[in-house]
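Let's look at a protein together, one question at a time. Have the model open beside you as you read.

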Amino acid sequence: MSPFLNFHAHRVSVSPSETVIRNLIVPQDSAAFPITTGKGLFSAGIHPWFIPNDPEPALNTLEHLASMPTCIAIGEIGLDRHAVTDSVVQRALFLRQADIAVRHRLPMVIHCVKAWEELFAIRKEIPSGTPCIIHGFRGKPPLATDLLRKGFYLSFGFRLNPQSLQSCPPDRLFLETDEDPRNVEALYRTAARWRGCHAEEIKQRCWKNLERITRRP
């Protein structure tokens with residue numbers, strides 16, 4: 001049987017039953033680059049909490065990582081009202097990273113905290129064919145509905161809103177552990193109970209979703 005897809009985590013796999021897309025924060029996780037990029041799937045991005053004073057070296061590193069065949073997505077990138085970096089700087093860096101995603105034909109994994117209207121506005125500046133996934137989504141159903149109508153995918157972790165999970169179409173769904181150390185299989189079984197289906201059904205759907213958004217020419 002195929003493993004469970006862990007769409008976003010800050011660790012390597014803890015079991016043969018899961019495949020982890022490990023998230024690398026540029027440049028904070030630079031020590032892990034040679035190991036992680038040599039095997040296994042990963043995403044990479046400059047997180048709004050960790051924007052360096054001079055982002056150019058980090059952007060150059062991200063450009064290099066994006067060219068690797070095991071790089072699945074650019075991210076997590078985003079907008080965060082709680083971050084110390086000014087929102088104007090966050091927005092500019094978001095667009096720089098979005099440009100890398102577009103040129104490398106990669107989806108974007110998005111971190112957004114209390115900046116949804118800004119995100120909706122910036123999404124209009126990015127080609128519609130670039131998939132955008134909200135990671136660790138915890139919001140209520142009205143926000144989920146708004147995001148889905150605007151074309152976003154939703155990735156849910158253990159701290160999910162059950163009603164939002166239930167309202168998410170199967171072809172827009174991912175599951176992740178983020179910083180939680182547990183095996184993602186437990187999350188799939190929880191999600192299956194809330195959605196009234198089998199965990200295997202969700203597993204197969206998540207793999208199909210990943211294949212669809214990460215196809216390269």
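**Rings, sheet and fold**

Ring pairs link F7, Y153 and F174 into a cluster. Rings of Phe, Tyr and Trp (its six-membered ring) pair if their centres lie within 6.5 Å, and planes under 30 degrees apart count as stacked, over 60 as edge-to-face and the rest as tilted. This is a predicted model, in which local features need pLDDT of at least 70 and side-chain atom pairs count only at pLDDT 80 or more, while totals for chains, interfaces and linings use all residues. Residues are numbered from 1 along each chain as its sequence is written, and side-chain values use heavy atoms, with hydrogens and water left out.

Q: How many helices and how many strands does the protein have?
A: Helices (H or I, at least four residues) and strands (E, at least two) are DSSP runs, numbered from the N terminus. By that count the secondary structure comes to eight helices and eight strands.

Q: Which strands stand at the edges of the sheet?
A: Two strands pair if DSSP finds at least two bridges between them. The eight strands form an open sheet with parallel pairing, in the order β1-β2-β3-β4-β5-β6-β7-β8. Two of them have a single partner strand each, so one side of each is left without a neighbour in the sheet: β1 (4–9) and β8 (173–175).

Q: What angle does the direction of helix α8 make with that of β8?
A: Axes are lines fitted to C-alpha atoms, for helices over the stretch in contact, and angles run from 0 to 180 degrees between N-to-C directions. Helix α8 (residues 199–213) packs on the sheet, touching β1, β2, β4, β6, β7 and β8; contact means heavy atoms within 4.5 Å. Its direction and that of β8 make an angle of about 110°.

Q: Which residue in β6 is the bridge partner of I110?
A: Strands β5 (residues 108–113) and β6 (residues 132–134) run parallel and are joined by three bridges. The partner of I110 in β6 is I134.

Q: Why is the pair of F120 and F152 called tilted?
A: A pair of aromatic rings is described by the distance of the centres and the angle of the planes. The ring centres of F120 and F152 are 6.2 Å apart. Their planes stand at 50°, so the pair is tilted.

Q: Are F120 and F152 buried or exposed?
A: Buried means under 20% relative accessible area, exposed over 50%, and partly exposed in between (1.4 Å probe, protein chains only). F120 belongs to helix α4, and F152 to the loop between α5 and β7. Both F120 and F152 are buried.

Q: What is the angle between the planes of F137 and F156?
A: F137 lies in the loop between β6 and α5, and F156 in strand β7. The two form an edge-to-face pair, 5.9 Å centre to centre. The angle between the planes is 85°.

Q: Which residue lies over the face of F4?
A: A charge sits over a ring if NZ of Lys or CZ of Arg is within 6 Å of the ring centre and within 35 degrees of the ring normal. F4 is found in strand β1 and counts as buried, at 6% relative accessibility. At 4.7 Å from the centre of its ring lies K203.

Q: What share of the 217 residues is buried?
A: The C-alpha trace spans about 50 × 40 × 35 Å along its principal axes. Of the 217 residues in the protein, the buried ones make up 51%.
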